[in-house]
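The following paragraphs lead the reader from the overall form of a chain to the surroundings of its ligands. Please keep the sequence and the model in view while reading.

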Amino acid sequence: MQRPNTKSYYLKTFGCQMNVYDSERMTEALARDGYVATDDISSADLVILNTCHIREKAAEKVYSDLGRIRDMKDARKRDGKETVIAVAGCVAQAEGREITTRQPAVDLVIGPQSYHRLPELIERTSNTREHIVETEFPGDEKFEQMKAPRRVSSPSAFLTVQEGCDKFCTFCVVPYTRGAEFSRSLATLETEARELIAAGAKELVLLGQNVNAYHGEGPGGRSIGLAELIRRLADIEGIERIRYTTSHPRDMDADLIAAHADVPQLMPFLHLPVQSGSDRMLAAMNRKHRTEEYLDLIGRLRSARPDLALSSDFIVGFPGETDQDAEDTLSLIRAVGFAQAFSFKYSSRPGTPASTHEDQIPEEIKSERLQRLQALLDDQQAEFNAQAFGTTVPVLFERRGRQPGEFVGRTPYLQLVHVAAEGDLVGRIADVAVTDARRVSLSGVIAAA
Ligand code: SAH
Ligand code: SF4
Ligand code: F3S
């Protein structure tokens, strides 16, 4: 129901899936407060940027956006309209008051642990015209108070089960922006999972910055790990697929590996960032594992689930990285064989130990190493997708495609699949005969039942 004084908002999300989850919850809170979403930023009464601090480029993009939004705010003011500008997410948490100093048009800076207070803080800043900076870490209050959406935007729904990270990799801002590890209880997660299913979800993607370090309160107050959480959630009626991300190699315990063998809803795809294939670099990064341990872990995972496909994250040009270190990373990639992967040039982040390292790598060398690494990963992805050609795979359809009658879904291995079909496939799992396999996506036809 629309209220007479409906205000509009524009929300832009940067960064990881946890920001997407948070944005969905903010959207729900704003809707309950009478706000309506708009795609037209220049007509919005409220603009929220949910930001990412992981690399310099991501963080700087926020300031260039804010410059343009300030101009719009000035233009609207000349027409007698007010605009509230809010910066949320990891830049908000990391930079706090610095944001309003650098861009005074920003009214509200709100860290990820305070989103349940968003409507109240917007109201306060509109009334007082004061800058508000809210970056406390009050623990689990946010989750208790934010509501799941009444209709999911995709049948593949995110569910944050864990937040924060205690690993302190020397390149990474997450332990500072998201704080210490915190796991939600089984009871609250079961409730939210049921709500998501009722809202149309078929797949749950369990999220955490370090999701397999999950240790939440389970039955009788005892602590449970991610494997038990997955088993409990798999028992809920209507959950067809389960995934989890992002994991740390050190936290892949035997129970979680076993879950890959014995929980049918757990998809045979794992994102397991390794960052480098050089032990020297892994030690400098404080990754707490060696190359051999990673390869051994992959071996145990593949014994438990022979058709498991893997994805990873890589950083090239970490301070002190030699040609040999870069070569060692390529060898690791050849040894594992990845279905897909993300790779980045090292970006120096203020406040992290690696940023003060003297041996920073020149930009041209980083670019050249990244190119070689990505060429190899692209070949592996193409090869992996080519194997799907001529097979029949179960696809969960997530949305309509750009062409009329086209639907887009994903295989158990997260491959994108395009299919033309009659009726509405969104939210359904159907077998697809793959008739074309390209590097980044597949297409096919619905197989006869
Ligand atoms: N919690 C996850 C991912 C965190 S950030 C994990 O532990 O893997 C996602 C990815 O961004 C990381 O895996 C890493 O590859 C990359 N990343 C993080 N900090 C970076 C930096 N300073 N420069 C370049 N890439 C970075
Ligand atoms: Fe960052 Fe992941 Fe390392 Fe945590 S484990 S510090 S989130 S890269
Ligand atoms: Fe970025 Fe924060 Fe996620 S820094 S990657 S939005 S945890």
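Helices (H or I, at least four residues) and strands (E, at least two) are DSSP runs, numbered from the N terminus. Counted in this way, the chain holds 14 helices and 21 strands. Its radius of gyration (over C-alpha atoms) is 23 Å, close to the 22 Å given for 449 residues by the globule rule, 2.2 Å times the number of residues to the power 0.38, so the chain is as compact as a globular protein of that length. Along the principal axes, its C-alpha atoms fill a box of roughly 65 × 60 × 50 Å.

This is a predicted model, in which local features need pLDDT of at least 70 and side-chain atom pairs count only at pLDDT 80 or more, while totals for chains, interfaces and linings use all residues. Residues are numbered from 1 along each chain as its sequence is written, chains are lettered from A and ligands numbered from 1 in the order in which they are written, and side-chain values use heavy atoms, with hydrogens and water left out.

Of the 449 residues, 53% are buried, that is, under 20% relative accessible area (1.4 Å probe, protein chains only). Among contacts (heavy atoms within 4.5 Å) between residues at least 6 apart in sequence, 72% join residues at least 24 apart.

Attention now turns to the ligands. The residues around ligand 2 (a heavy atom within 4 Å) include Cys165, Cys169, Cys172, His248 and Arg287. Its shell has seven nonpolar residues (Ala, Val, Leu, Ile, Met, Phe, Trp, Tyr, Cys and Pro), two charged (Asp, Glu, Lys and Arg count as such) and one polar (the others, Gly among them). Around ligand 3 lie residues including Cys16, Cys52, His53 and Cys90; this shell divides into four nonpolar, four polar and one charged.

How values were computed. Buried < 20%, exposed > 50% of the residue type's maximum accessible area, 1.4 Å probe, protein only.
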